[in-house]
Amino acid sequence: MTKEQGNRLNEILDLQEKVVSMWLDYWKEFSHFGTVPFWVIALMLVVPLVFIYFKIDRTKAFQIGFYGFNIHTWFTYSDAIAMRTGHVYYPFQVIPVMPVNFALDASLVPVTFMLVYQWCINNNKNVFLYGVLTSAFFSFLFKPVLAAWDLIKLDNGMNYIYLFINYLGILIMAIVITKVFTYFKHHPKK
């Protein structure tokens, strides 16, 4: 590493440390345990996880869980990019140092998609079609409600149509990756 590169990296790391400190201070002042938004977000984190524990089809838990983990992973990546580029931000957080809305990315969104996926595979329904409907629900109904409650902010040209396109991309990736790995399970290499 050159001296110039090292200096630039140290500058970025110093700024990052200050930003984390600022987020912690912001959380303590505006988004702490004593605020209603904190508890709304905490419920969005805990309730879906408890619900899926009781409702998951345990005979297909690995397949459904793998699909849900795909949804979670891709949403976390896309949310982190949107946050870092200033297109989406969350004024209230449960965990202030997370660069994403942990409740949405790790619980509510993946669990909802898992339940839809489970219903589709158990009832021989089209996973893509119902995934598109779920994506539309989140993009055009749920996220606008979050925006009205100041739990999400869209900026720098981000809008609900772009969110929908993002959901569709993630849906397609999750379906394809899950199908590939399910195929591998049923067709082991000889």
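A search of the whole structure, which is a predicted model, finds two salt bridges. The criterion is a side-chain nitrogen of Lys or Arg within 4 Å of a carboxyl oxygen of Asp or Glu. Side chains of opposite charge can pair when their charged atoms come close. The table gives both pairs.

| Salt bridge | N to O distance | Relative accessibility |
|---|---|---|
| Lys-60 and Asp-57 | 3.8 Å | Lys-60 27%, Asp-57 18% |
| Asp-150 and Lys-153 | 2.7 Å | Asp-150 36%, Lys-153 28% |

Burial classes follow relative accessible area: buried is under 20%, exposed is over 50%, and partly exposed is in between (1.4 Å probe, protein chains only). Asp-57 is therefore buried at 18%. Lys-60 is partly exposed. Asp-150 counts as partly exposed, and Lys-153 also counts as partly exposed.

Residues are numbered from 1 along each chain as its sequence is written. Local features need pLDDT of at least 70, side-chain atom pairs count only at pLDDT 80 or more, totals for chains, interfaces and linings use all residues, and side-chain values use heavy atoms, with hydrogens and water left out.

**Aromatic contacts**

The structure holds 22 aromatic pairs. Rings of Phe, Tyr and Trp (its six-membered ring) pair if their centres lie within 6.5 Å; planes under 30 degrees apart are stacked, over 60 edge-to-face, and the rest tilted. Trp-27 and Phe-33 are edge-to-face, because their planes stand at 90°, with ring centres 5.3 Å apart. Trp-27 is buried at 12% relative accessibility. Phe-33 is exposed at 52%.

One aromatic cluster is formed by Phe-75, Phe-113, Phe-137, Phe-138, Phe-142 and Tyr-167. A charge also meets a ring: Arg-58 lies over the face of Tyr-53, 4.9 Å from the ring centre. That label requires NZ of Lys or CZ of Arg within 6 Å of the ring centre and within 35 degrees of the ring normal.

**Core and fold**

The chain has six helices and two strands. These are DSSP runs numbered from the N terminus: helices are H or I with at least four residues, strands are E with at least two. The order from the N terminus is α-α-α-β-α-α-β-α.

The largest nonpolar core has 41 residues. Such a core is a set of buried Ala, Val, Leu, Ile, Met, Phe, Trp, Tyr and Cys residues joined through side-chain atoms within 4.5 Å. Met-44, Tyr-67, Ile-71, Leu-104, Val-109 and Phe-113 have the most contacts inside this core. Two or more residues come from each of α2 (36-55), α3 (61-84), α4 (102-122), α5 (127-148) and α6 (160-186). α4 gives the most, with ten residues.

Contact means heavy atoms within 4.5 Å. Leaving aside neighbours within four places in sequence, Tyr-67 touches residues including Phe-113, Met-114, Tyr-117, Leu-171 and Ile-175. Of the contacts with a separation of 6 or more, 74% join residues 24 or more positions apart.

Buried residues make up 36% of the 190 residues. The C-alpha atoms fill a box of roughly 55 × 45 × 30 Å along the principal axes.

**Positive phi**

Asn-124 has phi near 55°, a positive value in a non-glycine residue. Asn-124 is found in the loop between α4 and α5 and is exposed at 72%. Asn-156 has a positive phi of about 55°. Asn-156 lies in the loop between β2 (153-154) and α6 and is partly exposed at 49%.
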